[in-house]
Structures are given as structure tokens and as C-alpha cells.
Amino acid sequence: MMHSFHLALLPPALTLRTLRRGPRAAGLRHAECFPLMRLGSPVLSVERMQLRRLAMFAEWDDASALERFLADDDLGRRLADGWHVRLQYLRRYGEVAALAGLPVQAGRSDPEEPIVAVTLARLKLLELPRFLKWGRPVERLVAGHPGATFATAAMRPPHTFSTFTIWRSVREMTDMVHGRSAVPQAHTHNVAMAEQHRRDFHHESAFMRFRPLSEHGTWEGRSLLP
């Protein structure tokens with residue numbers, strides 16, 4: 001098993017078609033596709049639904065299945081022109097049904113090695129005001145955090161939400177999670193998690209850690225891994 005995360009520029013019509021149908025390919029176990037949004041952007045703005053920028057998080061049987069998809073599939077070839085990272089799954093907190101086959105922990109990490117974090121959640125629509133109230137300060141914290149080399153979020157209507165972050169080290173990521181970073185408003189993630197535990201924002205959610213294996217292409221003219 002292998003995972004990948006992709007970023008690509010697409011015509012809006014192709015993004016909408018992908019959101020409706022989703023990719024299908026031999027060896028593709030599951031995929032989540034989203035238009036990108038800018039972390040910390042105003043709630044009512046075009047930055048919250050960037051139809052020209054597609055993100056895809058996918059689980060594959062192996063690297064060969066991903067290679068075939070990128071070479072032979074119409075969507076795959078468009079994604080091959082963008083950027084992606086191949087990932088080794090390490091552990092999860094929480095669970096989503098579509099990825100229920102993932103063990104709670106599959107490996108350990110060194111505190112100083114780079115780490116990729118992916119959040120996948122199915123939001124309770126009636127909890128959206130609370131989610132925005134407590135979540136947007138966390139968006140701003142992560143977007144400006146010196147330990148994150150890249151951070152983005154995405155949402156697929158009506159209720160699927162995802163974040164994707166790359167960190168210079170596991171230590172810097174966990175310091176952010178627990179409010180130990182020497183940055184302004186470092187406590188906001190802790191506060192949001194306390195509110196989540198008090199009354200869940202989501203029907204289901206998972207926070208997953210991955211070891212980056214290899215980076216392919218560039219995004220906005222640069223590499224993203226530290």
C-alpha cells in the first residue's frame with residue numbers, strides 16, 4: 001500500500017467533472033478530490049473554492065498502480081503535469097469509513113525527520129458556524145507557522161474538508177498541535193481541539209501522519225519538501 005497527494009492546475013470544467021465522478025483506475029483503492037482553498041482566507045471569497053486548482057489524496061495498491069494512472073488516465077496525465085508527493089503511512093488519530101483499513105499505527109518516526117499531515121473530515125453542516133469560528137484561527141496559525149514548509153486546505157461540497165501540511169520536523173508539528181510553539185496565538189490549536197472534544201464538528205474525521213518518500217514536479221515554481 002502507498003499513498004499520494006497531488007496538486008494540479010486544471011480547467012474549472014474538468015475540476016467539476018472530477019468532483020462529480022471521481023477517478024477510477026486499476027490499483028486505486030480510494031481517492032478524495034477537492035478544489036483548493038487558501039488557509040485563513042475570508043469565508044465568503046473566491047479563495048475558498050479555487051476551481052482551477054485541484055488537490056487529490058489517494059491510496060494505491062503500490063507504486064506501479066500510481067505510475068500507470070499517471071501515464072494512461074486522462075486525469076492522471078493532467079496530474080502528472082503538476083506536483084505530487086508519494087507517502088508512507090505512519091499513523092492516524094480518529095477514523096473515516098473510506099480508509100477504515102488503515103491500522104492505527106504502522107510505523108514510527110524520528111522527531112527531527114520531515115513529516116506530512118493530512119486531515120480528512122465529514123463536517124456536520126449544522127456545526128459549520130462553530131467549525132469556522134474555532135477553525136479559522138488554526139488556519140492562520142498553520143499558514144504562518146515557521147515549521148510548515150507548505151500548508152493548504154480544501155473543501156468538497158457539501159461537507160468534506162481536508163488539510164495538507166508539510167513540516168520540517170515531527171517535533172515542530174507536535175509543538176504546534178500542543179501549543180508549545182514560540183509563535184503568536186500558539187494556543188489556538190489546543191483551544192479548537194478542546195471545543196471539538198466538547199461537541200464534535202464532524203460525522204467522522206481522521207488526522208493522518210505520513211513519511212514523504214519522493215517529490216515529483218513543482219508547485220508554483222518551487223519544490224515543497226524541506
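This is a predicted model: local features need pLDDT of at least 70, side-chain atom pairs count only at pLDDT 80 or more; totals for chains, interfaces and linings use all residues.
Arginine 53 forms a salt bridge with glutamate 220, and the closest N and O atoms of the two side chains are 2.6 Å apart. Because arginine 53 lies in strand 3 and glutamate 220 in the segment after strand 8, this pair ties together parts that are 167 residues apart in sequence.

A second contact leads to another part of the chain. Arginine 122 forms a salt bridge with glutamate 32, with 2.7 Å between the closest N and O atoms. Here too the pair links distant parts of the chain, for arginine 122 is in strand 5 and glutamate 32 is in strand 2, 90 residues apart.

A salt bridge joins arginine 122 to glutamate 204, the closest N and O atoms being 3.2 Å apart. Arginine 122 lies in strand 5 and glutamate 204 in strand 8, so the pair ties together parts that are 82 residues apart in sequence. Glutamate 204 is partly exposed, with a relative accessible area of 23%. Elsewhere, salt bridges that share partners join Glu127, Arg130, Glu195, Arg198 and Arg199 into one network. The count of salt bridges in the model comes to 15.

In soluble globular proteins, nonpolar side chains tend to be buried together. The largest nonpolar core in this model has 25 residues, and those touching the most other members are Phe5, Leu7, Trp83, Phe164, Met208 and Phe210. Which elements give two or more residues to this core? They are strand 1 (2-9), strand 2, strand 3 (50-60), strand 4 (83-95), strand 5 (115-123), strand 6 (148-156), strand 7 (160-167) and strand 8 (202-216). Strand 4 gives the most, with 4 residues.

Valine 96 is placed in the loop between strand 4 and strand 5. With a relative accessible area of 2%, valine 96 is buried. The C-alpha atoms of valine 96 and alanine 121 are 7.4 Å apart in space, while the two residues are 25 residues apart in sequence.

Leucine 126 provides another case, in the loop between strand 5 and helix 4 (128-143). What is the relative accessibility of leucine 126, and how does the residue count? The value is 84%, so leucine 126 counts as exposed. Leucine 126 and alanine 55 are 71 residues apart in sequence, and their C-alpha atoms are 26 Å apart in space.

Backbone geometry marks two further loops. The peptide bond from proline 157 to proline 158 is cis, with omega near 5°. Proline 158 is found in the loop between strand 6 and strand 7. Glutamine 185, for its part, has a phi near 55°, a positive value in a residue other than glycine. The loop that holds glutamine 185 runs between helix 5 (170-177) and helix 6 (188-198).

The account ends at the surface. Arg17, Arg20, Arg21 and Arg24 form a positive surface patch. Among them, arginine 24 is found in the loop between helix 1 (12-21) and strand 2 (28-37). Arginine 24 is exposed, with a relative accessible area of 63%.

Key
Residues are numbered from 1 along each chain as its sequence is written. Side-chain values use heavy atoms; hydrogens and water are left out. Patches are made of residues with over 30% relative accessible area and no salt bridge: like charges are joined within 9 Å, nonpolar side chains (Val, Leu, Ile, Met, Phe, Trp, Tyr) within 5 Å. Accessible areas come from the Shrake-Rupley method with a 1.4 Å probe; for residues, only the protein chains shown count as cover. A salt bridge is a side-chain nitrogen of Lys or Arg within 4 Å of a carboxyl oxygen of Asp or Glu. Lys and Arg count as positive and Asp and Glu as negative; His and the chain ends are not counted. The place of a charge is taken as NZ of Lys, CZ of Arg, CG of Asp or CD of Glu. Buried means under 20% relative accessible area, exposed over 50%, partly exposed in between (1.4 Å probe, protein chains only). A nonpolar core is a set of buried Ala, Val, Leu, Ile, Met, Phe, Trp, Tyr and Cys residues joined through side-chain atoms within 4.5 Å.
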